[in-house]
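Trainee: I'd like to learn how to read the features of a model like this one. Could you walk me through it?

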Amino acid sequence: MNHRSGRVLGMTVAALVGLAGCGGGKSLDGPAPVSGSSAVPEHVAAYRAGYGVGKAVYESSGKGAAVRETVWGGCTRRALQAGSAAETDRGSWVRGCLNGVANSPEQLPTGPVTKRTTNGEMLERFREWARTKGETQEVDHVRTLVTAQLTRYDYDVELSTNYSAGSPGTPASESLARRFVEWWSGDHGLPGTARNVLVLAADGKRLTAQRI
């Protein structure tokens with residue numbers, strides 16, 4: 001190789017190295033990963049999904065939908081039927097639904113809306129009631145009781161159990177949910193309104209949900 005050819009080859013190699021360093025080349029392992037900054041946050045995706053449902057309800061039912069979905073908890077119950085679109089953050093989904101049925105502009109949340117709080121005292125009262133009814137066997141499967149605040153006034157109750165994961169609507173989980181609804185009366189000293197009780201398997205997956 002003469003001096004001129006070696007110089008040209010060196011310049012070519014240097015140029016290719018420069019392109020690779022600047023991201024000009026394509027990875028041999030597949031497409032480049034999507035930048036985290038461009039991904040839609042889960043709470044925003046949940047809000048938009050709820051907003052779309054709420055807007056559709058408004059367009060089909062008019063202004064009266066806002067009262068029904070807000071006062072009677074329609075959006076909180078719709079969230080339970082929305083599947084994975086709502087499970088990441090039901091509070092964001094409900095907020096979007098409420099804005100949609102009110103025909104309000106989108107008001108995207110800046111962070112997750114659902115706030116979960118463990119309530120051991122409520123669980124103990126539920127267990128005490130079950131003892132008086134001779135139904136401790138079912139309630140003994142509950143490991144934690146959590147209140148999931150969805151709006152300023154509405155919340156769900158989540159019962160985490162040691163039940164193994166399985167198909168939704170198992171007899172044991174449905175029976176436990178019915179027992180909780182039977183026990184529930186009023187707001188038990190908590191501000192706001194309890195809308196639903198959810199029974200969760202040991203892995204956190206929902207087994208049953210019932211209206212309170």
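Trainee: Which residue forms a salt bridge with Asp 154?

Mentor: A salt bridge here is a side-chain nitrogen of Lys or Arg within 4 Å of a carboxyl oxygen of Asp or Glu. Asp 154 pairs with Arg 195, and the closest N and O atoms are 3.3 Å apart. Asp 154 lies in strand 3 and Arg 195 in strand 4, so the bridge ties together parts that are 41 residues apart in sequence. Helices (H or I, at least four residues) and strands (E, at least two) are DSSP runs, numbered from the N terminus. One caution: this is a predicted model, so local features need pLDDT of at least 70 and side-chain atom pairs count only at pLDDT 80 or more, while totals for chains, interfaces and linings use all residues. Residues are numbered from 1 along each chain as its sequence is written, and side-chain values use heavy atoms, with hydrogens and water left out.

Trainee: Are Asp 154 and Arg 195 buried or exposed?

Mentor: Buried means under 20% relative accessible area, exposed over 50%, and partly exposed in between (1.4 Å probe, protein chains only). Both Asp 154 and Arg 195 are buried.

Trainee: How many salt bridges does the structure hold?

Mentor: There are 14. One of them joins the side chains of Arg 179 and Glu 182 (3.9 Å, N to O). These two sit 3 residues apart in helix 9, so about one helical turn separates them. Arg 179 is partly exposed at 21% relative accessible area, and Glu 182 is partly exposed too, at 45%. Some bridges share partners: Glu 87, Arg 90, Arg 116, Asp 156, Glu 158 and Arg 206 are joined that way into one network.

Trainee: Let's go to the greasy part. Which residues have the most contacts inside the largest nonpolar core?

Mentor: Think of a nonpolar core as a set of buried Ala, Val, Leu, Ile, Met, Phe, Trp, Tyr and Cys residues joined through side-chain atoms within 4.5 Å. The largest one has 22 residues, and Phe 126, Leu 145, Leu 159, Leu 176, Phe 180, Trp 183 and Trp 184 have the most contacts inside it. Helix 7 (120–133), strand 2 (142–149), strand 3 (154–161), helix 9 (171–183) and strand 4 (193–200) each supply at least two of its residues. Helix 7 gives the largest share, 5 residues. A second, separate core has 12 residues, among them Cys 75, Ala 79, Ala 86 and Val 94.

Trainee: What is Phe 180 in contact with, beyond its neighbours within four places in sequence?

Mentor: Contact just means heavy atoms within 4.5 Å. On that basis Phe 180 touches Phe 126, Leu 145, Val 157, Leu 159, Val 197 and Ile 212.

Trainee: How many aromatic pairs are there?

Mentor: Rings of Phe, Tyr and Trp (its six-membered ring) pair if their centres lie within 6.5 Å; planes under 30 degrees apart are stacked, over 60 edge-to-face, and the rest tilted. This structure holds 7 such pairs. Phe 126 and Trp 183 make a tilted one, 5.3 Å centre to centre with 40 degrees between the planes. Phe 126 is in helix 7 and Trp 183 in helix 9, so that pair ties together parts 57 residues apart in sequence. The rings of Trp 183 and Trp 184 have centres 5.9 Å apart and planes at 80 degrees, so they count as edge-to-face. Ring pairs link Phe 126, Trp 129, Phe 180, Trp 183 and Trp 184 into a cluster.
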